[in-house]
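Please look through the sequence and the model shown here before reading on. The paragraphs that follow go from one part of the chain to another.

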Amino acid sequence: MTLILDDITLPNGLIWQDEFSKVNVAQSSRRTLNGQVVVFAQSLTAGQTITLTSDSNGCWLTLAEVQAIQAKADAPGAVYVLQANGQSLNVVFKHDDPPAFDARPVTGYTDHDDYYTVTLKLMSI
């Protein structure tokens with residue numbers, strides 16, 4: 001699956017963990033005084049959580065890639081286009097579930113030539 005976040009082509013092998021865990025319908029119900037149930041339902045068009053992860057078995061990012069993504073994550077309120085599976089989604093980094101971006105060196109220490117595993121938490125808007 002090819003993933004592009006704005007102008008950054010993300011490496012193949014990132015896993016979209018919650019791609020099929022989205023909620024498409026909001027619903028609430030109330031019981032009336034005469035015992036009937038009234039159900040309210042509405043389709044949801046935004047707010048899908050998008051968690052992209054890599055693992056230590058491959059799909060590593062370089063320091064330059066990590067720094068480019070970190071710069072995007074550090075821009076408050078910035079909206080980006082994520083292209084995934086033939087669709088384009090407007091997304092923001094999900095700072096209400098920190099960290100919105102996490103990068104860890106594969107080797108356990110940092111070196112400028114090192115590789116990183118990452119987690120990106122995004123939300124469609």
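Where is the place of aspartate 6? In this model, which is predicted, aspartate 6 sits in the loop between strand 1 and strand 2, and its phi is positive, at about 60°, although it is not a glycine. Most residues other than glycine have a negative phi, and most peptide bonds are trans. Aspartate 6 counts as partly exposed because its relative accessible area is 35%, which falls between the limits of 20% for buried and 50% for exposed.

The loop between strand 8 and strand 9 also holds a residue of this kind, asparagine 85, whose phi is positive at about 50° although it is not a glycine. With a relative accessible area of 42%, asparagine 85 is partly exposed. Glycine 86 has its place in the loop between strand 8 and strand 9 as well, and it is exposed, with a relative accessible area of 86%. From glycine 86 to aspartate 55 the separation is 31 residues in sequence and 24 Å in space, taken from C-alpha to C-alpha.

Two further backbone features deserve attention. A cis peptide bond, with omega about -5°, joins proline 98 and proline 99, and proline 99 is placed in the loop between strand 9 and strand 10. In the hairpin formed by strand 4 and strand 5, with 5 residues between the strands, glycine 35 takes a positive phi near 95°.

Strand 6 can be followed next, through its pairing with other strands. It runs antiparallel to strand 3 (residues 15–16), to which 2 bridges join it, and isoleucine 15 stands opposite threonine 53 in strand 6. Strand 6 also runs antiparallel to strand 11, with 5 bridges between them, and the bridge partner of threonine 49 in strand 11 is methionine 123. Strand 6 is mostly covered, since 4 of its 5 residues are buried, a term that here means under 20% relative accessible area.

What, then, lies in the interior? The largest nonpolar core has 27 residues, of which Leu5 and Phe93 touch the most other members. Among the elements that give two or more residues to this core are strand 6 (49–53), helix 1 (63–73), strand 9 and strand 11 (115–124). Leucine 5 has contacts, beyond residues up to four places away in sequence, that include Leu10, Tyr80, Leu82, Val91, Phe93 and Leu120. Phenylalanine 101, found in strand 10 (residues 101–105), is buried, with a relative accessible area of 8%. Leaving aside residues up to four places away in sequence, phenylalanine 101 touches residues including Val66, Ile69, Ala73, Phe93 and Val118.

The last stop is the largest pocket, in which about 270 Å³ of space lies. Of the 17 residues that line it, Lys22, Asn24, Thr45, Gln48 and Ser124 are the closest to its centre. Strand 9 (residues 87–93) gives the most to this lining, with 4 residues. By residue class, the lining of the largest pocket divides into 6 nonpolar, 9 polar and 2 charged residues.

Technical notes: Residues are numbered from 1 along each chain as its sequence is written. This is a predicted model: local features need pLDDT of at least 70, side-chain atom pairs count only at pLDDT 80 or more; totals for chains, interfaces and linings use all residues. Side-chain values use heavy atoms; hydrogens and water are left out. On a 1 Å grid over the protein atoms alone, a cavity is a set of points where a 1.4 Å probe fits but cannot get out, and a pocket is an open set with protein on both sides within 12 Å along at least five of seven lines; lining residues have an atom within 4 Å of a point. Grid points are joined across faces, edges and corners, and a volume is the space filled by probe spheres set on the points. Ala, Val, Leu, Ile, Met, Phe, Trp, Tyr, Cys and Pro count as nonpolar, Asp, Glu, Lys and Arg as charged, and the others, Gly among them, as polar. A nonpolar core is a set of buried Ala, Val, Leu, Ile, Met, Phe, Trp, Tyr and Cys residues joined through side-chain atoms within 4.5 Å. Buried means under 20% relative accessible area, exposed over 50%, partly exposed in between (1.4 Å probe, protein chains only). Contact means heavy atoms within 4.5 Å. Two strands pair if DSSP finds at least two bridges between them.
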